Amino acid sequence: MVTIRDVAKHAGVSPATVSRVVNGLVGYSDETRERVENAVKSLSYETDYLARGLKTRQTSVIGLLAPMVSDALASQVMQGVEEEAQERGYAVMLGRTGAKSAYIAGYLRTLRTYRAAGVILISAVITQETRQLLGPNIPIISVAISDKSGSPSVAIDDEQAAYDATRHLLRLGHRRIGLLAGDPASIYVAQPRKRGYLRAMTEAGSTPVTATGSCFYESGAAGVDDLLQQEPGLTAIFAMSDEMGAAVVNELQRRGLRVPEDVSVLGFDNTSTSLHVNPPLSTMAQPLEEMGRMAVKKLLRSRDLGPKIMPHRLIERGSTAPPNPAMSSAAPANAAPPGDQVLVS
């Protein structure tokens, strides 16, 4: 096995200099860095992170845990995390946890044994059990979720973002606006976003119409049916995720309704999914990649692990427009949907 001393001898420098170069530290010239990097490549040297951890009590590995790695939101956060980590000389260990706390616990124990430099949770709250499993010496931060308790996090203000999204539809002239909400048990995301919607509707003197889902595509069609059963004259639907919003567009079109001419649709997150429907979704954007990068920066500056609120912004695309006056008295939205589902791309 090639050691750091072998690399140092090949490059004509000290092992300490090789260590500084490999870890992205300062204290050497560009010419020295180039010699060390060439020696690393020539000898196929791989850093022994675990051995380094035994000496420094910390490895250059960051744990990244996500409920679903295929989820569009998670994948964009991951991209930011991986890019920032690599630029700083850290490797990322990725784990898919699903909804099972046992999976999270298993990963945390592994990362503790491995002496990770820190852990990032996507769409998961840091609990007391989480901290106990990880131990006191490894910092942890959550992304895309904030419990308002001061825990380390990088997130947007979900309530304000949903309020602003609903206000956008109201400014377009919509008054019959349905909300396709997430799981009501989600007290850190779905509930704040619902509060924002309700606040905007109450201020406008409009009657709220709500249905719940899972924030994933599969719940979109059922949510549309629920909303239109309650209010056949809806002229706009605000979905709490882009995946739900895409399902809403497809389901409305399956029912013979035009988007946005008959019903406007507004999504949330600005993931790649928002561009894969026709028309493309207007959406309330979270800066997901930037949030991933920020999480790494804060994690590696462990003195700065308080909550960070990132800015949200509205992105207008083709799925929203002023309401069609004819729709206010029409009720075909409650009719039986014709034929097979029409998928758009």
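Q: Which strand does S282 lie in?
A: S282 is part of strand 10, residues 282-285. A strand here is a DSSP run of E with at least two residues; a helix is a run of H or I with at least four, and both are numbered from the N terminus.

Q: Before we go on, what kind of model is this?
A: It is a predicted model: local features need pLDDT of at least 70, side-chain atom pairs count only at pLDDT 80 or more, and totals for chains, interfaces and linings use all residues. Residues are numbered from 1 along each chain as its sequence is written, and side-chain values use heavy atoms, with hydrogens and water left out.

Q: Back to S282. Is it buried or exposed?
A: S282 is buried, because its relative accessible area is 0%. Buried means under 20%, exposed over 50%, and partly exposed in between (1.4 Å probe, protein chains only).

Q: What is S282 in contact with, leaving aside neighbours within four places in sequence?
A: There are V265, L266 and G267, and then I315, E316, R317, G318, S319 and T320. Contact means heavy atoms within 4.5 Å.

Q: Zooming out, how many helices and strands are in the protein chain?
A: The chain has 12 helices and 12 strands. Of its 345 residues, 47% are buried.

Q: Which charged end sits over the ring of F268?
A: That of R193, 3.7 Å from the ring's centre. R199 has its charged end over the ring of Y163, 4.0 Å from the centre. The rule is NZ of Lys or CZ of Arg within 6 Å of the ring centre and within 35 degrees of the ring normal.

Q: New topic. What volume does the largest pocket have?
A: About 1,100 Å³. It is lined by 42 residues, and P67, I122, S123, A124 and I145 are the closest to its centre. On a 1 Å grid over the protein atoms alone, a pocket is an open set of points with protein on both sides within 12 Å along at least five of seven lines; a cavity is a set where a 1.4 Å probe fits but cannot get out; lining residues have an atom within 4 Å of a point. Points are joined across faces, edges and corners, and a volume is the space filled by probe spheres set on them.

Q: Which helix gives the largest share of that pocket's lining?
A: Helix 6, with five residues.

Q: And how many cavities of 30 Å³ or more are there?
A: Two. The largest cavity holds about 40 Å³ of space. Its lining includes A124, I145 and D147.
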